[in-house]
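Hi everyone, and thanks for making time today. I'd like to walk you through a structure that may be new to you, so please have a look at it on the screen while I talk.

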Amino acid sequence: MDSEYVKLYTASGWLNGIMKVTPESICWRDCTVNSPNILEIGSKSIFAAILSKEQKNAFKSVKEAAAHYEPNMKSIYFTIFTVSKVDSNLDFSARNKKRPSCDSWTFQASSEHEANAFVQKIHEIIRPNYKSKPHNILVLLNPNSGKKKSNDVFNTFCKPIFKLSDVNYSLYETTSPEFAKKFMETEDLSKYTTFVSVSGDGLLNQMINGLLSRKDWEKYRKIPFGVVPSGTGNGLAWTFGYGWPELASISIAKGMIAPMDMMAITRANSDPLFCFLSVTWGYVADTDIESEKLRMLGSLRLEAYGILRLLRLRKYEGRIHYLPVEEQSLDKPKIANNEVSEHKTLYATENANASTNSLIDQYVKTQGQHDALSHGLTLPLGGQFTHKPSPLGMVRSPTDSAYNSLTNDSDINNTINGKKENEPVPTSAPAAYNAIKDYLVANQIKIPVEISKLPKDWVTVEGPFTSVTAVKVPWLTKTFLVSDKASIVDGCIDLIWCGGNVSQLKLLPYITDSVKGGFMNKNGINYSKVKAIILEPTGHRSLSKKKSEKKKNKHPSTNSTSTTSISNSKLSNSSSNLEPVKIPGNKGILSFDGEVAPIDYLKIECIPKLINVITNPWFHPFENETKSKKAIVSGHKSGYNNSPISRSASVVSFY
């Protein structure tokens, strides 16, 4: 069925035309002589196609459309549901301001058979193996997250979108702080194609750590994780471009995935764990955790308390050691002729339960070319109507399996210094940690660190500090662009720190207007791409206007404000000291993906592409570095009302 005569319902009534469905798009062309009307819908924009009754007016909401959906209906009419971003501007300051919009397009085929054939073909471009391999999702929901509206979010957005997209799900509400971790450790996960949290970043952290604690973690680690944001910060969702719950639900339904790095955290006085978002100490951690008392304000709590905390800025004693990344080793996107390369598409429903044959399979490298695409609903004044997806595409072909194609030995060779002698670890360490610990570059560095025994190329920075942040993502909240250089798959950690003498006035623009970007290594905000970090807080703090506390047990230092390159001394042959280490003081807290933890000595290291994650259809992992490479043209709203194909017959509310 290359092309067929199909009618399209518009504000002007039914128009005769020809429809053609390809893996990349649906194209309908008006048959009227000399008519310029063309409807082109990119495959990334489509999230549902259903047989429907004759619909004189668009459904008022997605929820209404789902209520009318009958899976076994027979009809000559079919309706396609699409999502598009209202704002196509890639400038950080505009990126997260406007919600996505939904349209529905109703067609009339020549027969029930033709209508059903069109729907089935469209299903295959929405999600490969649409019927043969059903999308079966595990959903864990935290009813107390954020403003305690997770159930409302699920019922308003997830349920109707999942129904229209033929997504099956099993829903569980969390009943205790450790519920998600224990659930993922003990339950049978073999029937699921995706793991989803309806909450903030903390619940997803528990789910991931629970899965990586299983003895059979390698069997399930390639099943992707997704998140429907209903928390306060929702940093991962904003990083993937689906901070709005309706777009998150659509992204999960479509099931497009990408690999993601994780941070392995070794703690001196507690069990190891993994983080995907951030490890913070000082200002960012204090703002995140202490602002819990203002939870009723939602995300505004972070901005309000952040200003208050800045006025009484604390400084913390300690030091950090890090292994910087050589510039030429960074895995950056290939840019040629101002076009962004495009990756192959991987889907959650393709061999989602395949087991992993080798540990090295987890270290992968994404390759391919990215095509630049037009964005949004575009209608030039001449009358031609075009509906195409956003250019932020990490498009990858549905022909390859997500679980057989993600293999490349080069990443592990680029990120380890060879297998070292075994070191003792707590018996409750995640199974995945035990499997990779021998490859960690900081594996045999003792804590507390003896500077003379640090390997070549490590750098030490002496405190005091007002803030230390290690991140894998650019966004920590909707409005806080913590690092405009971060990427989820570059095999590195972005380390950001501010010294004790930093000016509060100079920090203010970064705190209040970070979306402008360009703050790194300016005005006392220090930045480095690193492979590994060792954090040694003393547990002593003071207000920045006062002198720091002087303690006898403070680490020896060469210069309290300088960055010092370490000597070329080789490591001793002794294994790491992971026995409990006494910290001189107890002031301050740590935050792991937004979850509070007591102050401790840490080793932080990037594990490339350890898990898979759901992304929005237009996500590009190096978007932050390439956003200025391609100019994007927005749609012309003024043309909508002048066109026979008017959105007045198609707009659908997500509410």
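Let me begin with a term: when I say strand, I mean a DSSP run of E with at least two residues, and strands are numbered from the N terminus. One more thing before we go on: this is a predicted model.

With that in hand, please find serine 467, which sits in strand S22, residues 465-471. Is serine 467 buried or exposed? Buried means under 20% relative accessible area. Serine 467 has a relative accessible area of 8%, so it counts as buried. And what is serine 467 in contact with, once we leave aside its neighbours within four places in sequence? The list runs Trp281, Gly282, Tyr283 and Val284, and then Ile496, Trp497 and Cys498.

Now let's move to strand S12, residues 256-267. How many of its 12 residues are buried? The count is 12 of 12. In a regular strand, side chains alternate between the two faces of the sheet. In S12, both faces are covered. One side carries Met256, Ala258, Met260, Met262, Ala264 and Thr266, and the other carries Ile257, Pro259, Asp261, Met263, Ile265 and Arg267.

Who are the partners of S12? Strand S28, residues 602-614, runs antiparallel to S12, and 10 bridges join the two. The link from S12 to S13 is a hairpin of 5 residues.

Here is another antiparallel pair: strand S3, residues 25-30, and strand S4, joined by 5 bridges. Isoleucine 26 stands opposite isoleucine 41 in S4.

Last stop, the largest pocket, with a volume of about 1,000 Å³. It is lined by 46 residues, and the closest to its centre are Thr232, Gly233, Asp288, Arg301 and Gly594. Among the elements that give two or more residues to this lining are helix H6 (201-212), helix H10 (283-290) and strand S27 (595-598). By class, the lining has 12 nonpolar, 25 polar and 9 charged residues. And where does the largest pocket lie? Domain 2 (134-255) and domain 3 (274-326 + 430-546 + 584-605) both give residues to its lining, so the pocket lies between them.

Methods
Residues are numbered from 1 along each chain as its sequence is written. This is a predicted model: local features need pLDDT of at least 70, side-chain atom pairs count only at pLDDT 80 or more; totals for chains, interfaces and linings use all residues. Side-chain values use heavy atoms; hydrogens and water are left out. On a 1 Å grid over the protein atoms alone, a cavity is a set of points where a 1.4 Å probe fits but cannot get out, and a pocket is an open set with protein on both sides within 12 Å along at least five of seven lines; lining residues have an atom within 4 Å of a point. Grid points are joined across faces, edges and corners, and a volume is the space filled by probe spheres set on the points. Helices (H or I, at least four residues) and strands (E, at least two) are DSSP runs, numbered from the N terminus. Ala, Val, Leu, Ile, Met, Phe, Trp, Tyr, Cys and Pro count as nonpolar, Asp, Glu, Lys and Arg as charged, and the others, Gly among them, as polar. Domain bounds come from an automatic or database domain assignment. Two strands pair if DSSP finds at least two bridges between them. Buried means under 20% relative accessible area, exposed over 50%, partly exposed in between (1.4 Å probe, protein chains only). Contact means heavy atoms within 4.5 Å.
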